[in-house]
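Thanks for coming, everyone. Let me put the model on the screen, and then we go through it piece by piece.

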Amino acid sequence: MKTMTAFTFEIDDPEAAAAEILEQIDIKGLGKSSLGILTCYTNFIDSGAVQTICEALPFDVIGMTTVGTVSSVALGEMALGLLVLTSDDVDFIVGAVGITGGDVDGPVCKAYEETSAKRPGQPVMALVFAPYIPGVVGESIAVSLDKASGGIPIFGSLAIDSSIVDFSFNRTIYNGEACEKKLVFALLYGDLRPSFFVTSFTEDKIQKQRGIVTKSKDNILMEVNNMPLLDYLQSLGIQKTEGAWTMSLFPFVLDYNDGTKPVVRSVFLITKEGYAACGGYIPENATLSVGGIDYPNIIRTTSEALEQILTKKKDDGGSCLLMFSCLGRYFALESHTTAEMETIRDILMDFPGYLFGYSGGEICPVYTEEGRAVNRFHNCTFIVCLL
């Protein structure tokens, strides 16, 4: 498999944007099967540029809106990046399904069955872009796809946009269509050996105190160590600031106690009952601690992960990197909004092909002690897939 990358800042002129993208893609060099992965600022949809670009490309394109994109060509916040995977030996089959709340499991499972039936054999992995829908826990989509696929590795992201407050303009992208409430995905078949990397905080940014989740439901955390949540937080020295709980600065670190790496859960709000509404599921009996996120730690964790990946590439090969980082990390950079993207560009200067975007929720496997990949949903995390 080989990769191609393209990039444009041309928001207002769809034809010029498409021409610029086509100039950077070797159409004659495409293999038997190809897939485009696109991330962009929302305005590229409003202007018609995304539709025009996708119509000009002779392969399927999936993707999402974001607030920052990096490729091996350029980086920017108000930009569009395209990564093309192409091969004579790897097949890419795309699918999509509407997500409107309520029963997520049924529609996702049906869409997977219909899409996977288009090609014999078991997919090696799935690439996924899901909508950010208020009231729908993003993890429910990942869990449903995991169930439908029999647990193949799933990698992807929830779409976001620059509206910040409610992400009401987030869209997934399916062959030029801007989808408000649609899961889009690609199944990858063939001789692929994907590797996955996850990082959030260094150990010194995680409080030593550990608690056990004793009452929760889905993404709602109610009690820790049989104490009401707010009492538990106060026992850790976390207090209200100006009448509000500033939990966005103190995400939870959740250990499933099954031998896999802990995952991070952002706190979206403290309810009137004193519960925490989190960005992913909080299972009872999991071990919980509190982490901290800041600018130096974001740059450090991203740098260390990429150096580890470059070492693995040197040992095992690999021609493509797909990366997402949580919007919470972007916010924590404060005025240095492009710092993580610049770190990625500088470290991957000689890497053949990659694409990065900011995410509203990250989907990436973690490994058991035996090396088995287990699908997980993440917040405040930098995730990487090496192909």
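What covers the buried residues of α1? The cover includes β1 (2–8), α3 and β6. This is a predicted model: local features need pLDDT of at least 70, side-chain atom pairs count only at pLDDT 80 or more, and totals for chains, interfaces and linings use all residues. Residues are numbered from 1 along each chain as its sequence is written, and side-chain values use heavy atoms, with hydrogens and water left out.

A few terms. Helices (H or I, at least four residues) and strands (E, at least two) are DSSP runs, numbered from the N terminus. Buried means under 20% relative accessible area, exposed over 50%, and partly exposed in between, with a 1.4 Å probe and protein chains only. Contact means heavy atoms within 4.5 Å.

Back to α1. Its buried residues are Pro-14, Ala-17, Ala-18 and Ile-21. They cover an arc of only 95 degrees around the axis, so they sit on the same side of α1. That arc is taken over the directions from the helix axis to the C-beta atoms. Why does such spacing work? An α-helix has 3.6 residues a turn, so residues three or four places apart point the same way. The face of α1 turned away from the buried side carries exposed Glu-15 and Glu-23. At the N-terminal end, Asp-13 is the cap: a side-chain oxygen lies 3.2 Å from the backbone nitrogen of Glu-15.

Next, α3, residues 49–56. Its buried residues are Ala-49, Val-50, Ile-53 and Cys-54.

How many does the structure hold? A disulfide is a pair of cysteine sulfur atoms within 2.5 Å. For Cys-54, the closest cysteine sulfur is in Cys-40, 8.7 Å away, too far for a bond. Cys-54 is buried, at 7% relative accessibility. Cys-364 is buried too, at 0%. Its closest cysteine sulfur is in Cys-385, at 7.4 Å, again too far for a bond.

Now another region. Gln-209 lies in the loop between β13 (195–199) and β14 (211–217). Is Gln-209 buried or partly exposed? Partly exposed, at 39% relative accessibility. From Ala-17, Gln-209 is 192 residues away in sequence and 52 Å away in space, C-alpha to C-alpha. Leaving aside neighbours within four places in sequence, Gln-209 contacts Leu-236, Leu-288 and Ser-289.

Thr-287 is in strand β21, residues 287–290. Thr-287 is buried, with a relative accessible area of 16%. Its side chain makes a polar contact with the side chain of Asn-257, at 3.1 Å. A polar contact is a pair of N or O atoms within 3.5 Å; within protein, one must be able to donate a hydrogen and the other to accept it, and residues adjacent in sequence count only if both atoms are side-chain atoms.

Last, the whole protein. There are nine helices and 26 strands. Buried residues make up 57% of the 387 residues. Of the contacts with a separation of 6 or more, 79% join residues 24 or more positions apart. Along its principal axes, the C-alpha trace spans about 65 × 45 × 45 Å.
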